[in-house]
Amino acid sequence: MAITRGFTGRGRATRDPRLPPGQYDAKDDWPVLNAEATPRIGTDRWTFTIEGLVDRPRSWTWDEIHALPGSRYSGDIHCVTTWSKLGMTFDGVSVDTLLDAVGVQPEAKFVMATAHTGYTTNLPLEDVTGGKAWVVWQADGRPLTVEHGGPARLLVPHLYFWKSAKWASGLRVMAEDEQGFWERNGYHDRGDPWLEQRYQGD
Amino acid sequence: MAVWQTATVLDVRRETPTAKTFRLKLPAESGHIAGQYYVVRLTAEDGYTAQRDYSVASVPGTDEIDLTVELLPGGEVSEFLHEVVEPGDRLEVRGPIGGWFAWPGDAPALGVAGGSGVVPLMAMLRSARIAGSELFRLIVSARTPAALYYGDELPGPETTIVYTREVPPGYARPPGRITAADLEPLLLPEQTVFVCGTPPFCDTATDLLTGLGVGTDRIRVERFGPSS
């Protein structure tokens, strides 16, 4: 790795160990990144659907998903554009709860997360099970705002944040991996921030 | 996918009081499509790194790329580029990246830019002009004439400039934010619309566009800078 003349890096002595390599602490900012127009989806029209390799495909309405046992994530999030936000809380429902309700078939290995905008992102099944993924509608105790994916988004905080599809509409459970929107456009299939898996080939 | 390569800074040019264009020489021809970006990585002696994405303002087909960088207060990378980097320096870059916010030049497109969001759209405009193509139109919103990027080059029959705070002497359109009336004459059926700027600018522009009947499937958005 070539050293850049004159670059020392500021604020490194105080660098938070929770920051993966190449990331900076956005502190009070929560930057917005999405590639489409921000949609306005009323909670009366919102649904979340799980289909594909499951025994009992189904959709939840806004009221139905709220009736499920709640689950909270407290921790950090990391965007591939190099900002991280530390110590956030998100409230919603664990993806485990949803998958238990539909019954995942044995040959299932991957999921395609979908959004009401048509956005997609692919994930290994094991990255959305075992207490690692949520569908959330509150951030830091307040309703998730539309620019951050409200009324509800997927949350997979151990991976780069494009995997946490905004305006989430469901999961399609698959045996074989397929690339989603950003992945077809050059981003990594898995996206582990601690391994700096930003782009295809990392 | 693109690997890291070492580029040499050929030229540093001031665009506005807060923006500079860095012309970089790559080891090989840049295969970018207008609208794509490169990642710039800075490395300290102890291995600490910082990297940011910067859109290419120049056209494909050579081994030189122009990256225009807005100075962000407290921005670790943009401040270093502005304050330290000079011709002859070497910078690690990786790209091109981004297959979505990109215009290959083969279909009608409209660019809607706010402030520094003009950078990727400038690559589209320059590509269209070199090709003699009339497929690309561009509207740029800038705060003041001094804050307008590429001010000498932008004006033309395919471009519209709106100023939000202060206009040049004798400018017909009064200062004010972009409106539906600014956008409507630029729209064509089947046109892809590329919107780039701050998140509030992008939201305003996409709301105006959808209000004018542009389907969300024809709108592609790139949001720059921190949100409020």
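Contacts, domains and a helix

Me: How many residues does the contact take from chain A and from chain B?
Reply: This is a predicted model, in which local features need pLDDT of at least 70, side-chain atom pairs count only at pLDDT 80 or more, and totals for chains, interfaces and linings use all residues. Residues are numbered from 1 along each chain as its sequence is written, and chains are lettered from A and ligands numbered from 1 in the order in which they are written. Two residues are in contact if their C-beta atoms, placed from the backbone, lie within 7 Å. The contact draws on 31 residues from chain A and 36 residues from chain B.

Me: What separates the centres of the two domains of chain B?
Reply: An automatic or database domain assignment supplies the bounds, dividing chain B into domain 1 (4–97) and domain 2 (109–223). In contact are 14 residues of domain 1 of chain B and 14 residues of domain 2 of chain B. Taken over C-alpha atoms, the separation of the two centres is 24 Å.

Me: Which residues of helix H2 (residues 95–102) of chain A are buried, and why are they on the same side of H2(A)?
Reply: Helices (H or I, at least four residues) and strands (E, at least two) are DSSP runs, numbered from the N terminus. A residue is buried if 20 or more other C-beta atoms lie within 10 Å of its own, exposed if 12 or fewer, and partly exposed in between, with C-beta atoms placed from the backbone. The buried residues of H2(A) are A:Val95, A:Leu98 and A:Leu99. They lie on the same side because the directions from the helix axis to their C-beta atoms cover an arc of only 95°.
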